[in-house]
Amino acid sequence: MAATVSTLYSHHDRAALLESRQATRENPWVKGSILVAALSFFGVFLLLPLLVVFVEALAKGWGTYIDALTEPDARSAIWLTLGAAAISVPLNLVFGVAAAWAITRFEFRGKQLLITLIDLPFSVSPVVAGLVYVLVFSNHGWFGPWLSAHDIKIIFAIPGIVLATVFVTVPFIARELIPLMQAQGREEEEAAVVLGARGWQVFWHVTLPNIRWALLYGVILSNARAMGEFGAVSVVSGHIRGETNTLPLHVEILYNEYNFAAAFAVASLLALLALLTLVVKSWVEWRARRD
Amino acid sequence: MSIQVQNIHKAFGNFVALDNLTLDFPSGELVALLGPSGCGKTTLLRVIAGLEQADSGKVLLDGEDASDTHVRERQVGFVFQHYALFRHMTVFDNVAFGLRMKPRKDRPSEADIKRKVHELLQLVQLDWLADRFPAQLSGGQRQRIALARALAVEPRVLLLDEPFGALDAKVRKELRRWLRRLHDELHITSIFVTHDQEEALEVADRVVLMNHGKVEQIGTPDEVYRHPATSFVYGFLGSANRFEGRSAAGGIDVGGTHLATSAHHVGEDNEVVAFVRPHELDILLDEEGAGIPARITRVLSVGALTRVELEGSGRQDGQHYDVELPYESWHAQAFNAGQPVRLQPRALRVFAQNETAGTR
């Protein structure tokens, strides 16, 4: 990530340099029309929908808005969403660091396969992922009989939702760390070992501080995805109100019931989460640049 | 501490980095591993440190087999080519790292660490940089901090991988002298890797010349320079003019020109290759006399030495020769570019051709 950020910024400096000289300055008409085209596109397709969400959410007043968020089913959806994220993000944190470490520090058979597998959730439709879990864990699935014999419920229950969430968020942290750790190389870690540091000391004192901002960035993105995931979760959830509905699923149900104000109210929570994510993400990028 | 390397073999896929190599590094010396890139010198250094595992063979540290000793227990100091300073730590914390990582029972108190780190920073003359981060230092400063960090754990051996490789020419010269002085003060067995022959000859007590994973020659800088054992060593240690020919009675025959020299070690009538340093080659105006016929193509007379570039003529057509002579003697003989001359070597080193096969 740090590399991407720095190239972005050197481009920025370069643009400023080109702009400051008469000889390299672009025709104002060209500049103006490109700017207008870009800004109106973003306005119509990104900013306007965001505004609509909040306008619609508050269309029937604050009372309805608060009620929509505090009724038991909504509260349960909020808790389930937070819970699924609280489990899947730490799991991905451990997995992502371990995978990035293994890929960038060791040579082993099947390394390329591991890299490809990490990318799988990006390339496959989340619905397919959900269906695969149904196939494997549902009552009629491969492990169905064994699971029901031991009274374990995965599909149409919370474990299924967590599984689906973990699946779709797998790439975020590993993908963020691999290029950075590749660029940094292993010399610092080797230096630490020669100086007598043990494995965990190397990780704690050398590896982790060097990747902390990329790691945090990955955590933020993976958290945003975990809370916002719809497709995979929708397949395995079973849409049981108050039990297996996450926030995005709850929005869908309310909308299908023509309860627009409530649907937008809940959607506004997700929109706020997105805005918060952007703010934290910018802060992390700023800190990473400063280091 | 002495280091012995016995029958070390190391290959990366099909590439043989170290070819059954055996070497002794006596205690307290500063040794240079010199060779072209890819000759296996860095690999050897990493095998000694334990950062790389040899396919076969042994490394003895102080006479003890270290093959199963973990890197962190070998008590070696390693200075990496790009320093590998911990970028998120201050200079002080970098140097203190090795002391702070010790097991609790061996760890000095924070006050002792502080004293020790400042001693080391004074030794490398950078005490005033203790609170800076590596990114705020110049290359030469980073190099010295890396050295202080390696010395902090009181290593028994100091290994330096291309210690001056990433520095500009002026800083490199300064640091060379400084490293030599430091070694004379500390007397710690040190090995440094370099591809720069000038650096090796100037700094080291002993030079090990390596090529293709093998040792070509070991000796003091003077020995290897004056008595190169192989044509590779001759060619690698400074610039050289090369002649190909056949050995003949009392000399060699190069394209019909007889050059008198002692060549009996290669036998008579064998393919030979002979070398002469640019300052050991005389330019003679006598067109018909002895020597290799050549033509002056270019003259560079900057500084005390004048460099003359020549091209062979007659049967040596297309050959390139370099001659160096003091500016005064150049000035005394009035040569012109394009002028036909003869080249007469004063000191010629002759090697059998088959012995050079594959080294050039």
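Residues are numbered from 1 along each chain as its sequence is written, and chains are lettered from A in the order in which they are written. In this predicted model local features need pLDDT of at least 70, side-chain atom pairs count only at pLDDT 80 or more, and totals for chains, interfaces and linings use all residues, while side-chain values use heavy atoms, with hydrogens and water left out.

Student: Let's start with chain B: into which domains is it divided, and how far apart do their C-alpha centres lie?

Tutor: Happy to! Chain B splits into domain 1 (3-233) and domain 2 (239-351), with bounds that come from an automatic or database domain assignment. The distance between the C-alpha centres of these two domains of chain B is 40 Å.

Student: How many residues make the contact between those domains, and which three supply 78% of the area on the side of domain 1 of chain B?

Tutor: Contact here means heavy atoms within 4.5 Å, and five residues from domain 1 of chain B and five residues from domain 2 of chain B take part. Buried area is the accessible area (1.4 Å probe) that two parts lose on being put together, summed over both; for this pair of domains in chain B it is about 460 Å², with carbon and sulfur atoms giving 54%.

Student: How many salt bridges and polar contacts cross between domain 1 and domain 2 of chain B?

Tutor: A salt bridge is a side-chain nitrogen of Lys or Arg within 4 Å of a carboxyl oxygen of Asp or Glu. A polar contact is a pair of N or O atoms within 3.5 Å; within protein, one must be able to donate a hydrogen and the other to accept it, and residues adjacent in sequence count only if both atoms are side-chain atoms. Between the two domains of chain B, the rules find zero salt bridges and one residue pair in polar contact (both at pLDDT 80 or more).

Student: Now the two chains: what area is buried between chain B and chain A?

Tutor: In this interface, 23 residues of chain B are in contact with 19 residues of chain A. On the side of chain B, Arg72(B), Arg87(B) and Met101(B) supply 33% of the buried area, more than any other three residues. Carbon and sulfur atoms give 60% of the total between the chains, which is about 1,900 Å².

Student: Which residue of chain A meets Arg87(B) in a salt bridge?

Tutor: Side chains of opposite charge can pair when their charged atoms come close. Two salt bridges are counted between chain B and chain A, and five residue pairs are in polar contact across that interface (both at pLDDT 80 or more). In one salt bridge, at 2.6 Å from N to O, the partner of Arg87(B) is Glu188(A).

Student: Why does the salt bridge of Arg105(A) and Glu189(A) tie together parts apart in sequence, and how many residues separate them?

Tutor: The side chains of Arg105(A) and Glu189(A) meet at 2.4 Å, N to O. Arg105(A) lies in helix α4 (residues 72-105) of chain A and Glu189(A) in helix α9 (residues 187-194) of chain A, so the pair joins parts whose separation in sequence is 84 residues. Helices here are DSSP runs (H or I, at least four residues), and strands (E, at least two) are too, numbered from the N terminus.

Student: Finally, which three residues of domain 1 of chain A lose the most area to domain 2 of chain A?

Tutor: The domains of chain A are domain 1 (13-58) and domain 2 (61-289), and they bury about 770 Å² between them, 82% of it on carbon and sulfur atoms. Together giving 59% of what the side of domain 1 of chain A buries, the three residues are Phe54(A), Ala57(A) and Leu58(A).
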